[in-house]
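This report walks through a set of strands, a helix and the charged pairs around them. Please keep the sequence and the model in view while reading.

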Amino acid sequence: MAEIRTIEGVFAAGEARFALVVSRFNSFVVDSLVAGAIDTLRRHGGVSDAQITLVRAPGAFELPLVVQKVAGSGKYGAIVALCAVIRGG
């Protein structure tokens, strides 16, 4: 059988800066998402804490507006938006 050819990208952050824009609402879920995102950046991209900025928004409704403002600053190579919408009942 022929060997399967695999093509993969490599995550190399270099000196890039990252913004994590997260909602404060449902923080019991969102805080775990933030910890996972930071861990992923550190382990897979060699990103230092100095390259990460955490921006908190009140909730999921305000999140896109805050992301738009952060993106408009031009300071970040990537923005990660995290929130949790939980439907009760």
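How many salt bridges does a search of the whole structure find? The search finds three, a salt bridge being a side-chain nitrogen of Lys or Arg within 4 Å of a carboxyl oxygen of Asp or Glu.

## Basis of the model

This is a predicted model, in which local features need pLDDT of at least 70 and side-chain atom pairs count only at pLDDT 80 or more, while totals for chains, interfaces and linings use all residues. Residues are numbered from 1 along each chain as its sequence is written, and side-chain values use heavy atoms, with hydrogens and water left out.

## Salt bridges

D31 pairs with R56 in a salt bridge whose closest N and O atoms are 4.0 Å apart. Because D31 belongs to helix α1 and R56 to strand β2, this pair ties together parts that are 25 residues apart in sequence; helices (H or I, at least four residues) and strands (E, at least two) are DSSP runs, numbered from the N terminus. D31, at 39% relative accessibility, counts as partly exposed, and R56 counts as partly exposed at 38%, where buried means under 20% relative accessible area, exposed over 50% and partly exposed in between (1.4 Å probe, protein chains only).

D39 forms a salt bridge with R43, with the closest N and O atoms 3.0 Å apart, and these two residues, four apart in helix α1, are separated by about one helical turn. D39 is partly exposed at 30%, whereas R43 is exposed at 62% relative accessibility. A salt bridge also joins D49 to R42, the closest N and O atoms being 2.8 Å apart, and R42 is partly exposed at 42%.

Six of the six residues of strand β1 (residues 18-23) are buried, so the strand is largely enclosed by the rest of the structure. F18, L20 and V22 point one way from β1, while A19, V21 and S23 point the other way.

Strand β1 pairs in the parallel sense with strand β2 (residues 52-57) over six bridges, pairing requiring that DSSP finds at least two bridges between two strands. In this pairing V22 stands opposite R56, the residue that also forms a salt bridge with D31. Strand β1 also runs parallel to strand β3 (residues 78-82), to which five bridges join it, and here A19 stands opposite I79.

## The loop residue N26

N26 lies in the loop between β1 and α1 and is buried at 14% relative accessibility. N26 has a positive phi of about 60° although it is not a glycine. Most residues other than glycine have a negative phi.
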